[in-house]
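Could you walk me through this model in my viewer, one selection at a time? I would like to know what to pick next and what I will find there.

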Amino acid sequence: LYSKMNGAQRPLVKPKRRTPTSKRAGVVCSNCQTTQTTLWRRNDKGEPVCNACGLYFKLHKVNRPLSLRKDGIQTRNRKMSSTKSKPRPSYSDLHPKMTDQNSPSAAATAAA
């Protein structure tokens, strides 16, 4: 399929990954002067701000105080969902009476 679409065999070398946004060289938050963040945003003037400062300004309409600055990035411990291993119940499993009344066989017996 790749050769049909692109006219050549698929390359064996994986393409280089882009530089993560937190590692961009020379970018400094214009509010708290941090150089490491999960996401760079822009303020009203178009200057780069870290994720925390950008979200704080969006919520409070004032710049984030420097007293709230932390040295490390706070991460969450997310639980692995087990829903992928279990099949989802169908509508008829959840509402058996509703499907019995609306089924074609139930309509035929009611008409007779």
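Start by selecting Gln-33, which sits in the loop between helix 1 (2-6) and strand 1. Helices (H or I, at least four residues) and strands (E, at least two) are DSSP runs, numbered from the N terminus. Gln-33 has a positive phi near 65 degrees, though this residue is not a glycine. With a relative accessible area of 45%, Gln-33 is partly exposed; buried means under 20% relative accessible area, exposed over 50%, and partly exposed in between (1.4 Å probe, protein chains only).

A word on what you are viewing: this is a predicted model, in which local features need pLDDT of at least 70 and side-chain atom pairs count only at pLDDT 80 or more, while totals for chains, interfaces and linings use all residues. Residues are numbered from 1 along each chain as its sequence is written, and side-chain values use heavy atoms, with hydrogens and water left out.

Next, pick Lys-61, in the loop between helix 2 and helix 3 (91-94). Lys-61 comes after helix 2, and its phi is also positive, about 65 degrees, although Lys-61 is not a glycine. At 60% relative accessibility, Lys-61 counts as exposed.

Now zoom out to the whole chain. The protein has 5 helices and 2 strands, in the order α-β-β-α-α-α-α from the N terminus on. Of its 112 residues, 12% count as buried. The accessible surface comes to about 10,600 Å², with 54% belonging to carbon and sulfur atoms; such areas come from the Shrake-Rupley method with a 1.4 Å probe, and for residues only the protein chains shown count as cover.

Which residues of helix 2 are buried? Select Asn-51, Cys-53 and Gly-54. Strand 1 and strand 2 (48-50) are among what covers the buried residues of helix 2.

Setting aside neighbours within four places in sequence, Cys-53 is in contact (heavy atoms within 4.5 Å) with Cys-29, Asn-31, Cys-32 and Arg-64.

Arg-64 leads on to the largest pocket, where Ala-52, Arg-64, Gly-72, Ile-73 and Gln-74 lie nearest the centre among 18 lining residues. On a 1 Å grid over the protein atoms alone, a pocket is an open set of points where a 1.4 Å probe fits, with protein on both sides within 12 Å along at least five of seven lines; lining residues have an atom within 4 Å of a point. About 450 Å³ of space lies in this pocket, the volume being the space filled by probe spheres set on grid points joined across faces, edges and corners. Its lining holds 6 nonpolar, 7 polar and 5 charged residues, where Ala, Val, Leu, Ile, Met, Phe, Trp, Tyr, Cys and Pro count as nonpolar, Asp, Glu, Lys and Arg as charged, and the others, Gly among them, as polar. Helix 2 gives the most to this lining, with 3 residues.

Last stop: the second largest pocket, about 290 Å³ in volume. Of the 14 residues lining it, select Asn-43, Asp-44, Val-49, Phe-57 and Asn-63, the closest to its centre. Helix 2 again gives the most, with 4 residues, and strand 1 (40-42) also supplies at least two. By class, the lining of the second largest pocket divides into 3 nonpolar, 5 polar and 6 charged residues.
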